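This report describes a protein and its ligand in terms of contacts, cores and backbone geometry. The sequence and structure are shown first.

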Amino acid sequence: MSPGAHDAVIVGAGFAGIGAAIQLKRMGIDDFVIVDREDDLGGTWHVNHYPGLAVDVPTTTYSYFFEPNPHWSRVFSTGTEIKRYADAVADKYDVRRHIRFNTTVQGASWDEETAQWQVTLAAGETLRARYLFTATGFLSQPHTPDIAGIDSFAGKIIHTTDWDDDYDLSGRSVAIIGTGATAVQLIPELARRVTALTVYQRTPIWVVPKIDVRFSPRVKALFARIPLTQRTIRALTDGIYAAMVDTAVLKHRYFRRLNIAAADLAKLHRFASIRDPELRRKLTPDYDFGCKRPTFSNSYYRTFTKPHVQLQADGIDHIESDGIVNADGSKTVIDTLVLATGFDLWEANFPAIEVIGREGRNLGKWWRDTRFQAYQGVSMPYFPNYLSLASPYAFLGLNFFNTMEYQMRLMDRLFGELKRRGATTFEVTEEANARYLDLMTELLGDSLFTLGDCASARSYYFNPSGEATLLRPMTTRRAVSDASRFPLSDYAFS
Ligand code: NAP
């Protein structure tokens, strides 16, 4: 390698970047740099700290498979606890010293001559490395809506990804735009603090009750003393989540009754929470349960029954300096506008930085000119020595840590083979990539995304061409097994 070059550069210090770093260390690779544009690690769990933030996957399941955490306070832990877990894991595996914070990456290009990646930083510096990992997450580019007049608003605007903890909400008249998973957590908290709250809903979300319990000090002590007890509960929560995704979503052709049952549960939940049938109607989605990520809350629906909370479902015409003019001509006067408007997934995130591979192939352009595709969710032909951890078909259903598990096992097999052969370069073959894309297309045929009524869901699971190329349409078990056993001839080594 040329002087000054690293073995690897990892872009992103969230759970994916930390996991990739731990795996590199396990394989004896220690000369790597992690770059992150933020000033701390944890990715989404560092960036997001809005009131009410919690995970919506049981924390027994929401952790690295090799690093259970006996200290979780409850089944659905808060964002603060999850950030603490990220810190603890990074420190335990000595990952922090590899991270360069406040460092934005502009792009990366493969240099044929040196067989290295050149990673350009916004400040002008170039890092060189044999291997490149992009661990940039799926929900990392905030979406700010382009609503007429929004720039003229004279009050306070807060995006949920940039929460101002010092801003006092008491006595405020607030509007919140968006009713996704973030808003479902935030709206009850806002309602508790403000004088008036108007919720702007474009597409209703499916909400089912949340069964959450605290882990008592005795239970936590048991988890710490006898890890098998926590592993058993993890097996149970993993199993429940896997069963939901594997049947109702992936094998929708045979299990559509389960989606209907889940929709019935949400209906019952609305019925138990809200008396006004018109309000219930407005909050009822008209697309199938599961087309976009459903969520859990015991307080969301009830919040709309409070006298100072209004649901505005008719749309926004434009925004003025002191409020929002609604599509029906009425005006909501506000001093604070909260944007719970989510993320630019397909436009800004695939890929999150410009990546130029062999023979000048531009990854973003190639995905758009052909189809969104990635062998096992990580590899693309013409991109040697590169694993893109946030690619099409990378994400396994509901729990990010399952994704991390198969990706770490794939790294293990791939880098193990490199070492065995004394090789330094790998690249997935065009044939293997094409075969994988065919498999994804075939498996999607049985899924909710193909067979369900998702047209009005506006779900980020679908790319701009309408293909559901975000989630891997296979079980975690199969993904982990494939990542541990894929034919080594699927890659070319040199
Ligand atoms: P989201 O699901 O994309 O929701 C964004 C919301 O903003 C939608 O209701 C969307 O309406 C609305 N919106 C966007 N642009 C708009 C416009 N111009 N006018 C009116 N409404 C507009 O984003 P999110 O709520 O931040 O959640 C994203 C994902 O983060 C979730 O799906 C989940 O995977 C994850 N998340 C997880 C947790 C957790 O683990 N606890 C918590 C929060 C979030 P449309 O639907 O009509 O587009």
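A residue is taken to be near a molecule if one of its heavy atoms lies within 4 Å of it. The model is a predicted one, in which local features need pLDDT of at least 70 and side-chain atom pairs count only at pLDDT 80 or more, while totals for chains, interfaces and linings use all residues. Residues are numbered from 1 along each chain as its sequence is written, and side-chain values use heavy atoms, with hydrogens and water left out.

**Ligand surroundings**

The ligand is surrounded by 24 residues, the closest being Ala54, Thr182, Thr203, Lys292 and Tyr460. Helix α4 (residues 181–193) contributes the most to this shell, with 3 residues; helices (H or I, at least four residues) and strands (E, at least two) are DSSP runs numbered from the N terminus. The table lists polar contacts, each a pair of N or O atoms within 3.5 Å; within protein, one atom must be able to donate a hydrogen and the other to accept it, and residues adjacent in sequence count only if both atoms are side-chain atoms.

| Residue | Protein atom | Ligand atom | Distance |
|---|---|---|---|
| Aspartate 56 | polar side-chain atom | oxygen | 2.9 Å |
| Threonine 203 | polar side-chain atom | oxygen | 2.5 Å |
| Alanine 340 | backbone N or O atom | oxygen | 3.2 Å |

The ligand taken alone exposes 910 Å², of which the protein buries 86%. Accessible areas come from the Shrake-Rupley method with a 1.4 Å probe, and for residues only the protein chains shown count as cover.

**Domains and cores**

The protein chain is divided into domain 1 (6–141 + 345–493) and domain 2 (150–211 + 235–339), with bounds from an automatic or database domain assignment. The C-alpha centres of the two domains lie 29 Å apart. Across the boundary, 38 residues of domain 1 are in contact (heavy atoms within 4.5 Å) with 38 residues of domain 2.

A nonpolar core is a set of buried Ala, Val, Leu, Ile, Met, Phe, Trp, Tyr and Cys residues joined through side-chain atoms within 4.5 Å. Buried means under 20% relative accessible area, exposed over 50%, and partly exposed in between (1.4 Å probe, protein chains only). The largest such core has 149 residues, and Phe15, Ile176, Leu197, Leu387, Phe415 and Tyr491 touch the most other members. Helix α12 (residues 400–421) gives the most to this core, with 10 residues. Because domain 1 and domain 2 both give residues to this core, it lies between them. Not counting residues up to four places away in sequence, Leu197 touches Val174, Ile176, Ile187, Leu190, Ala191, His308, Val309 and Gln310. A second, separate core of 11 residues includes Ile147, Ala175, Ile177 and Ile319.

**Loops and backbone geometry**

Arginine 361, in the loop between β17 and α11, is buried at 19% relative accessible area. Apart from neighbours within four places in sequence, arginine 361 is in contact with Val355, Ile356, Trp366, Pro381, Tyr382 and Phe383. A polar side-chain atom of arginine 361 lies 3.4 Å from the backbone oxygen of proline 381.

Tyrosine 382 has a phi near 80°, a positive value in a residue other than glycine. Tyrosine 382 lies in the loop between α11 (363–369) and β18 (386–388) and counts as buried at 17% relative accessibility. Alanine 115, in the loop between β4 (105–111) and β5 (116–121), has a positive phi near 50° and is partly exposed at 26%.

The peptide bond from phenylalanine 350 to proline 351 is cis, with omega near -5°. Proline 351 belongs to the loop between α10 (346–349) and β17 (354–356).
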